[in-house]
Amino acid sequence: MAERLHTQNYINGEWCDAALGAVFPVDNPATKELIEEVADSTTTDVERAIDAAYDAFAFWSTTSPIERARLLHRWFCLIVEHTDVLANLMTRECGKPFVESKGEVAYGASFVEWFAEEAKRIYGDIIPAATPDRQLLVHKAPIGVCAAITPWNFPLAMITRKCAPALAAGCTVVVKPAEGTPLTALALAALAEQAGFPAGVFNVVCAAHGVEVGRVLSTHEKVRKLSFTGSTAVGKQLLKQSAETVKRVSMELGGNAPFIVFDDADLEQAIQGALASKYRNSGQTCVCANRFIVQDTVYEQFAERLKEATEALKVGNGLDAGIAIGPLINGAAVGKVSELVRCAINDGARALCGAQTHSAGDNFYMPTVLTEVSPSMAIASTEIFGPVSTLIRFTEEAEAIHIANATPFGLAAYFYTEDRHRMWRVADALDYGMIGVNEGIISTTLAPFGGQKQSGMGREGSMYGIDEYLELKYVCMGGMK
Ligand code: NAP
């Protein structure tokens, strides 16, 4: 049950301490108080989980899709039923405002519901053969044991976005949640257990530092698929490690989202989109607007309105009413954001508001608006991961597209215009996996989530998401009479 905090690993249907008995602390970033101590796993623990998932795959892969759908649906209902408990836990672990945590529970649960349905629709094909004595069949088969390594910024949804399609396809999983947010992952495991998933099908192994457990998951022969969400640097490392055993991989990595405001945009709509895109989770999402690229004719007006709206955001503990901006995940994150802002101001950027830490506590940073940012500044080429809006100026459409695309990343991009010709033209020209036109929030279960270039490979959610967990198997039936 999610009401009780689980702190042990969940392996082969059992709650167990780490083999060496070690634990690590999980702190509340808003108060810096200890929430709980959680099992700190090593190679032995993760190998046990992989073995359990491997053994379970033998029967889980042969269960009927209807049975898998039924269990997933039960899991979905339990997650929804426990919305407040899960949201409270998430806010305490990662700091996001309670309302946003509730939103994440709904978003995360929606993947479980969606893939419960998709489990029933894993169709194959019959290909017309060149000669009448053959039948060419294509089946879709579950890949095998899947490893999911997930980040702290979406402690629940990044797990369900991977595990629901994997389980629906007939794969078994081993999840390694982030060090900062293992309790939400364990609460999900408790609900999966309650839903009735058989032992070994869904396993969670926690660890203080991802390196050792991540190495085992990405190099083990029995793991056939690795799905990772996190930073590009760690993603590259895991890709290298996965090469040895030629695993299927999905990589949901970092971004550097442009948000272009043309002078024919509905400016108020653009401001609302900017607030939603930039400040969700205190600016700590991979699809957060990282660079506002604003046409010079509306630059001052947009900057002034964004400043007013930004100053109105209430900062504090995400469990308090009316809070829009919670803490950053830890002191290192605050240090990184402070340094980026300091360097930008040194290089000529102008702070309209914020640009300093907040009195709510060590991990809080004031929502900030910086103008006169240039594309060459570090803040424009780095994923800020904090509540800082940076405004770059442009004159011509082609210039805006050039600035937007001049990055190794290609996850999400946004632009605002009322010109329907420009909508098509710019959407075509932007080198990104996901594009919001007059929309600042575009993630939904119904559409493929994922990036291009160094933002990753593979897609999650939607009708495409389950393919990441399926192999195509071609069967040639010959000698037909
Ligand atoms: P991170 O440092 O890369 O960590 C992500 C996960 O990888 C955590 O579970 C972490 O474990 C583990 N890990 C860290 N170092 C590892 C290593 N050497 N080997 C194996 N595993 C390792 O990223 P984060 O700071 O948690 O998350 C923020 C990043 O995720 C941002 O770049 C953001 O853009 C990206 N993100 C992308 C998406 C997307 O869908 N594209 C969604 C959300 C976030 P520990 O916590 O135990 O170190």
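Aspartate 125 stands opposite valine 138 in strand 6. The model is predicted: local features require pLDDT of at least 70 and side-chain atom pairs count only at pLDDT 80 or more, while totals for chains, interfaces and linings use all residues. Residues are numbered from 1 along each chain as its sequence is written, and side-chain values use heavy atoms, with hydrogens and water left out.

**Sheets**

Strand 5 and strand 6 (residues 135–142) pair in the antiparallel sense over three bridges; strands are DSSP runs of E with at least two residues, and helices are runs of H or I with at least four, numbered from the N terminus. Two strands pair if DSSP finds at least two bridges between them. The open sheet to which these strands belong has three strands in the order 5-6-22, with antiparallel pairing. Its edges are strand 5 (125–127) and strand 22 (470–477), each of which pairs on one side only. On average, neighbouring strands here are turned by 25° against each other, direction ignored; the axes are lines fitted to C-alpha atoms, and angles run from 0 to 180 degrees between N-to-C directions.

Another open sheet has seven strands in the order 14-15-16-13-12-18-19, and its pairing is mixed. Strand 14 (350–353) and strand 19 (434–437) each have a single partner strand, so one side of each is left without a neighbour in the sheet. Within this sheet, strand 15 (residues 368–371) and strand 16 (residues 388–394) pair in the parallel sense over three bridges. Leucine 370 stands opposite threonine 390 in strand 16.

**Ligand site**

The ligand is surrounded by 31 residues, and the closest are Thr150, Lys176, Ser231, Leu253 and Glu383; a residue is near a molecule if one of its heavy atoms lies within 4 Å of it. The table lists polar contacts, which are pairs of N or O atoms within 3.5 Å.

| Side chain | Ligand atom | Distance |
|---|---|---|
| Lysine 176 | oxygen | 2.8 Å |
| Serine 231 | oxygen | 2.6 Å |
| Glutamate 383 | oxygen | 2.5 Å |

The protein covers 86% of the 900 Å² of accessible area that the ligand has on its own, as computed by the Shrake-Rupley method with a 1.4 Å probe. Helix 5 (157–169), helix 7 (210–219), strand 10 (223–229) and helix 8 (232–243) are the elements giving two or more residues to the shell. Helix 7 gives the most, with three residues. At least three shell residues come from each of domain 1 (9–253 + 455–475) and domain 2 (257–445), with bounds taken from an automatic or database domain assignment.

Technical notes:
Polar contact = N/O pair within 3.5 Å; in protein donor to acceptor, adjacent residues only side chain to side chain.
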